Amino acid sequence: MRNLILVLGDQLDANSAAFNDFDSDQDAVWMAEVEEEATHVWCHKQRLVFFFSAMRHFRDELRQKDIEVFYHELSHDRRRDSGNSFAEILNQDINRHRPRQLVVVLPGDYRVKHQLQQVASDANLILDVRPDDHFYCAPDEFEQFAKGRKRLVLETFYRQMRKKHDILMDGNKPVGGQWNFDEDNRDAFGKQGPGKITGPHSFRPDELTQSVMDMVRQRYPQHPGCLDKFDLPVTRRQAQAMLRDFIKRSLSDFGQYEDALWTDEPFLYHSRLSAPLNVKLLDPRDCVDKAVQAFEDGDAPINSVEGFVRQILGWREFVRGVYWKFMPGYGEQNEFGHDRPLPRFFWDGDTDMRCVHQSMQHVLDFGYAHHIHRLMILGNLALMLGVDPQAFHQWHMAMYSDAVDWVSLPNALGMSQHAEGGIVGTKPYVSTGNYINRMSNFCGSCPYNYQAATGKDACPFTTLYWDFLDRHHEQLKQNHRMAMQLKNLDRKRKSGDIEAIRKQAHQTKSRLLAGAKPHADLIRS
Ligand code: FAD
Ligand code: SF4
């Protein structure tokens, strides 16, 4: 055998660089479902089904093209496993098939890249790591962008990308006269709510997916989440149908209500495309081009289209650049020295805080929550409680079907927990219950009062917000974007209100963290 092409669970693209010079007479593909990857974080059942089902469908597509695929399935019976880790299983196959070279596209996880390099080196083989052409911006290009800059600012990067790829450009100027329509993308629904929303395209599990579901139910019964509502796309054809459907039905309202929240509406006008995008069932260029086409055809307004393009061409590429620039040390940072475990309700949603319960319901039902649930409810609360940022990231990796290290780490540990001191986000995303009340209808049916920082019905968000600013005052005052918030804190300090808030915060934290167990204990429970 000449090349053994390693295809990882988030690399399901037969047009990737790994297949560039593929010759079915001398090359073969290697894929493996691996116990260690399924359990190194306590994975949501939907995440497991999504990855394994998409992998098996991809394997079958390759085989239909007469490509030889060595595939290791996990089964109900652990005794039939080929091994526990990538390294173990791959080693056996190297000995069996004796390839001259291993080929892989740059993995989306530093840890996996390192593992594969180790296996190759132990076997005395070259590992040809090829670029991941799925992205607009390669790590080297991002390095060039970062060179000499004191701060990495999304907006600067995003404008460069718009110009370079000629997206929403009118000559040298941005289409619509401005680069950014963020101001138009923050509406709430008002009392009447969003009305009937049909949500993203949903796919009934086929026979293959159902067999994976059975396996996951039997093999990982203790893992969080449930499978009853599993409806993600698991093939390229389905992913493309989902994209077309989003462009047709949801894109036009996407921008205006991008930050809005509503009871029992997990998706609203969001695309839910992150999971298929991240396993490469979809190409980001396809998403961007179709959205721009909708604008040009007069089917979607500029604030929606620019907002969607910014998320994909801007944020998605930016966080990947940050990941590769700062790894491996990036994940070790802990700006605020936070060390608390995650409260138990992050795994089962069992809390009387209405907003948190809603966010967790989405996560448990779909392995999904939209960005404001992630940032301004779950992330906000974890940060103000002082949760260990690594634990928050690991939780995120476990619970979301779209989580891959390169995108989860900068978002969870960086943007949300501000643990790297502001590389991704320019300030910590913390808020009182006031913000949540403005953007949702949750507070009206919650036992807490979003305005109260103290007292029996004090909203935990409001109490913990002032406590967070108070505790980290010295660090935060270096950040000019926090000036207004710290000025308000000063008022609370001068009036003496802060004493009662500190006391209340202590009680709130003890209550919310009671019963919280470190991640490892939960796995065994
Ligand atoms: P839409 O709102 O429809 O947005 C369109 C697309 O833009 C998304 O599909 C996604 O590909 C891209 N996008 C938007 N925001 C970001 C962002 N900040 N970073 C990267 N891509 C973005 N996204 C992931 O794909 N995987 C993760 O593991 C992940 N972890 C996150 C953790 C936290 C704490 C936060 C605050 C955000 C995280 N995000 C992550 C970003 C974002 O929340 C999700 O991409 C988005 O909610 C996915 O839903 P959607 O497909 O409906 O997105
Ligand atoms: Fe959440 Fe506080 Fe509103 Fe309750 S009152 S829903 S805890 S923000």
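Which of the 29 residues around ligand 1 come nearest? I looked this up first. They are His270, Ser271, Arg272, Asn278 and Tyr368. A residue counts as near if one of its heavy atoms lies within 4 Å of the molecule.

**Ground rules.** I am reading a predicted model, where local features need pLDDT of at least 70, side-chain atom pairs count only at pLDDT 80 or more, and totals for chains, interfaces and linings use all residues. Residues are numbered from 1 along each chain as its sequence is written, chains are lettered from A and ligands numbered from 1 in the order written, and side-chain values use heavy atoms, with hydrogens and water left out.

**Ligand 1.** I checked its polar contacts (pairs of N or O atoms within 3.5 Å). One ligand oxygen lies 2.7 Å from a side-chain N or O atom of His270. An oxygen of ligand 1 is also 2.7 Å from a polar backbone atom of Arg272. A ligand nitrogen sits 3.4 Å from a side-chain N or O atom of His396. On its own, ligand 1 has 810 Å² of accessible area (Shrake-Rupley method, 1.4 Å probe), and the protein covers 98% of that. I then listed the elements giving two or more residues to the shell: α10 (274-278), α12 (302-326), α15 (371-385) and α17 (405-416). Helices here are DSSP runs of H or I, at least four residues, numbered from the N terminus.

**α17.** Is this helix enclosed or open? I found 11 of its 12 residues buried, so α17 is largely enclosed by the rest of the structure. Buried means under 20% relative accessible area (1.4 Å probe, protein chains only). Among the buried ones are Trp406, Leu409, Pro410 and Met415. Their cover includes α10, α12, α15 and α16 (389-399). His418 follows α17 and has a positive phi, near 50°.

**Cores.** I looked for nonpolar cores (buried Ala, Val, Leu, Ile, Met, Phe, Trp, Tyr and Cys joined through side-chain atoms within 4.5 Å). The largest has 153 residues, and Leu251 and Trp395 are among those with the most contacts inside it. α12 gives the most to this core, 12 residues. A second, separate core of 20 residues includes Phe70 and Leu127.

**Glu35.** I ended in helix α1 (residues 35-39), where Glu35 is placed. Its relative accessibility is 10%, so Glu35 counts as buried. Its side chain makes a polar contact of 2.7 Å with that of Arg219. Leaving aside neighbours within four places in sequence, contacts of Glu35 (heavy atoms within 4.5 Å) include Leu74, Arg78 and Tyr220.

Notes
A polar contact is a pair of N or O atoms within 3.5 Å; within protein, one must be able to donate a hydrogen and the other to accept it, and residues adjacent in sequence count only if both atoms are side-chain atoms. Buried means under 20% relative accessible area, exposed over 50%, partly exposed in between (1.4 Å probe, protein chains only).
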